[in-house]
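Here are some short notes to read alongside the model. They take up the ligand site and then one of the sheets.

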Amino acid sequence: MEKWQMSLWKSVCDVDELADRFQLSAERLRAVAAAFQFRITPYYLSLIQNKGDAIYRQCVPDERELEGHEDLMDDPLGEERHAPVPCIVHRYPDRCLFLASNQCAMYCRFCTRKRKFRTPMCVDRKHIDEGIEYVRAHSEIRDVLISGGDPFLLEDDRIEYVLRALRAIRHVEILRIGTRTPCVLPERITGKLVAMLKKYHPLYVNVHFNHPDEVTPQSAKALGRLADAGIPLGSQTVLLKGVNDDPAVMRLLMQKLLAARVRPYYIFQTDLVYGTEHFRTPVSKGLEVMDALRGWTSGLAVPQYVIDLPHGGGKIPLLPEYKCKADGSKLTFRNYCGETYEYPDM
Ligand SMILES: *Cc1c(COP(=O)(O)O)cnc(C)c1O
Ligand code: SF4
């Protein structure tokens, strides 16, 4: 067993252990855990400083997950409808998602694919081969985003099986992997893993971080290893109430990611997932965050703020309004600190 597998094995997934640790009611915790499984890696658990802090909220089951809400859905992105075979989501013209794993090191309480923790889809060799066949048969696909679950929960040779097969398809130009392991299980990024990954360039890795306290020396080391293998790193962050719905927190996170060689890519408005109402923020909060980034810090640290539209509408970017007035060809803009400037348009 490799060290990362040992860590996974030592993770907390027992109700009584968690209840004991944080003085919670085991009975109530059991009800939530029965609906949505949990697992917290020893490393991620060690980042919790206080009960209820930003790290805690992301990983410890909460009774509010059992509350429904009229706007919320099991599959808000309509992924099941866009799944021609079980492990592919093909919604855009030239790229698709390849769901290669149904496991995650830590189960984020706000996850968009929470439904899959309830009735975990088994991703076996047959499904993987079906996915590969689908990509091979669709010559319009030039970009495959391998996601899950977390693809890095697979063993190296199973990841390589998928990468090698996809790389051999002529029309597939780029490969991307989405993973949260550098944040929740940094020991997963071994020298052996990156030595294998670098054979499949152009390969991009997108990581997932939601709070500055997650960017630690351990996670920075994992990210550095990937970057040293020539893998361009991007990040996604979910805007979450009580975790990062604060411009100063978000700015610090973006700066820390950039310093760890990650180019922030997306900040997501929380999807309308059943059981995540307590994490929702209004769109105005996301716009406020964006306003506090642009101009105030490196442009490289400014990602796009997007909503993944319900029912499979796709991602759309949102920006604060910078245009104040349009008077014929005279446009008036405000800059990041609120001064107005005129621009003569053609
Ligand atoms: C997000 C997503 C992609 C990738 O989108 P990009 O904007 O290119 O990063 C592809 N397919 C699906 C179904 C997605 O949800
Ligand atoms: S790592 Fe991603 S897929 Fe896994 S639980 Fe967290 S948000 Fe969901």
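1. In what follows, a residue counts as near a molecule if one of its heavy atoms lies within 4 Å of it. The model is a predicted one. The residues that surround ligand 1 are V89, R91, Y92, R95, L97, L145, R176, Y265, Y266 and K315.

2. By class, this shell around ligand 1 holds 6 nonpolar and 4 charged residues, and no polar ones. Tyr is counted as nonpolar here, which should be kept in mind when reading the next point.

3. Which side chains have an N or O atom placed close to an oxygen atom of ligand 1? For Y266, the distance from a side-chain N or O atom to a ligand oxygen is 2.5 Å. For Y265, a polar side-chain atom lies 2.6 Å from an oxygen of ligand 1. For R91, the separation between a side-chain N or O atom and a ligand oxygen is 3.2 Å.

4. On its own, ligand 1 has 390 Å² of accessible area, and the protein covers 90% of it. Two or more shell residues come from each of β2 (95-99) and β7 (262-268).

5. K323 stands opposite F333 of β11.

Definitions and conventions: Residues numbered from 1 in each chain as written. Chains lettered and ligands numbered in written order. Predicted model: local features only at pLDDT ≥ 70, side-chain atom pairs only at ≥ 80, totals over all residues. Heavy atoms only, no water. Polar contact = N/O pair within 3.5 Å; in protein donor to acceptor, adjacent residues only side chain to side chain. Areas by Shrake-Rupley, 256 points an atom, 1.4 Å probe, with all protein chains shown as cover. Helix = DSSP H or I, 4+ residues; strand = E, 2+ residues; numbered from the N terminus. Pairing = 2+ DSSP bridges.
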